[in-house]
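Welcome, and please take a moment to look over the sequence and the model before reading on.

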Amino acid sequence: MKTISKSKLNKYYNLTFTALQIARKSVVKEKEKNAKEILKMVECYLSDAKHFQEKNDFVNAFGCINYAHGWLDAGARLKVFNVKDNRLFSV
C-alpha cells in the first residue's frame, strides 16, 4: 500500500494523542527532565503531522505520528512514564 487514508491517519493520530495525554499525567518524579524532552519531541512530531495532513501529504503525516508514538513508547520502556496500558504503550 502506497497511500494512507484520512480515516487511518485520524485513527492513529487520536491514539497517539490519547497516549500523550496519559503520559503527561504519568511522569515519574525523578525523571521529569527526561519526560520534558520526550514530550516536546512528541508534540513537535504531532505538529508536523498536522502540517503534512493540511497539505494532503498523508504518508509523511503518518510517518510523523509513528515517530511521535515511538518516543512515547521509549519513555514507557525507560520508565519515564508510569503507564500500564499495553494497548497504547509498549509495556
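Let us begin with a cysteine: Cys44 has a relative accessibility of 33%, so this residue counts as partly exposed. Please keep in mind throughout that the model is a predicted one.

How many disulfides does a search of the whole structure find? The search finds 0. Cys44 takes part in no disulfide, and the nearest cysteine sulfur, in Cys64, is 11 Å away. A disulfide would need the two sulfur atoms within 2.5 Å, and the 11 Å between the sulfurs of Cys64 and Cys44 is too far for a bond. Cys64 is buried, because its relative accessible area is 9%.

**Aromatic pairs**

Next come the rings. A pair of aromatic rings is described by the distance of the centres and the angle of the planes. The structure holds 3 aromatic pairs. One of them joins Tyr12 and Phe62 in an edge-to-face arrangement, with 5.7 Å from centre to centre and 80 degrees between the planes. Tyr12 belongs to helix α1 (residues 6–25) and Phe62 to helix α3 (residues 58–77), so this pair ties together parts that are 50 residues apart in sequence.

Another pair is made by Tyr13 and Phe17. Their ring centres are 6.3 Å apart and their planes stand at 10 degrees, so the pair is stacked. Both Tyr13 and Phe17 lie in helix α1, 4 residues apart, which is about one turn of the helix.

| Residue | Relative accessibility | Class |
|---|---|---|
| Tyr12 | 29% | partly exposed |
| Phe62 | 17% | buried |
| Tyr13 | 16% | buried |
| Phe17 | 37% | partly exposed |

**One salt bridge**

Side chains of opposite charge can pair when their charged atoms come close. A search of the whole structure finds 1 salt bridge. Which side chains meet in a salt bridge? They are those of Arg24 and Glu43, with 2.7 Å from N to O. The two residues are 19 residues apart, with Arg24 in helix α1 and Glu43 in helix α2, and the pair links distant parts of the chain. Is Arg24 buried or partly exposed? Arg24 is partly exposed, with a relative accessible area of 36%. Glu43 also counts as partly exposed, at 32% relative accessibility.

**The nonpolar core**

Finally, turn to the nonpolar side chains. The largest nonpolar core has 25 residues. Leu9, Val42, Leu46, Leu72, Phe81 and Phe89 are the residues with the most contacts inside this core. Which elements give two or more residues to the core? They are α1, α2 (32–54) and α3. Of these, α3 gives the most, with 8 residues.

Setting aside neighbours within four places in sequence, Val42 is in contact with Leu20, Ala68, Trp71 and Leu72. One of these, Leu72, is also listed with Val42 among the residues that have the most contacts inside the core.

**Putting it together**

Helix α1 keeps returning in this tour.

Terms used: Residues are numbered from 1 along each chain as its sequence is written. This is a predicted model: local features need pLDDT of at least 70, side-chain atom pairs count only at pLDDT 80 or more; totals for chains, interfaces and linings use all residues. Side-chain values use heavy atoms; hydrogens and water are left out. Rings of Phe, Tyr and Trp (its six-membered ring) pair if their centres lie within 6.5 Å; planes under 30 degrees apart count as stacked, over 60 as edge-to-face and the rest as tilted. Buried means under 20% relative accessible area, exposed over 50%, partly exposed in between (1.4 Å probe, protein chains only). A nonpolar core is a set of buried Ala, Val, Leu, Ile, Met, Phe, Trp, Tyr and Cys residues joined through side-chain atoms within 4.5 Å. Contact means heavy atoms within 4.5 Å. A salt bridge is a side-chain nitrogen of Lys or Arg within 4 Å of a carboxyl oxygen of Asp or Glu.
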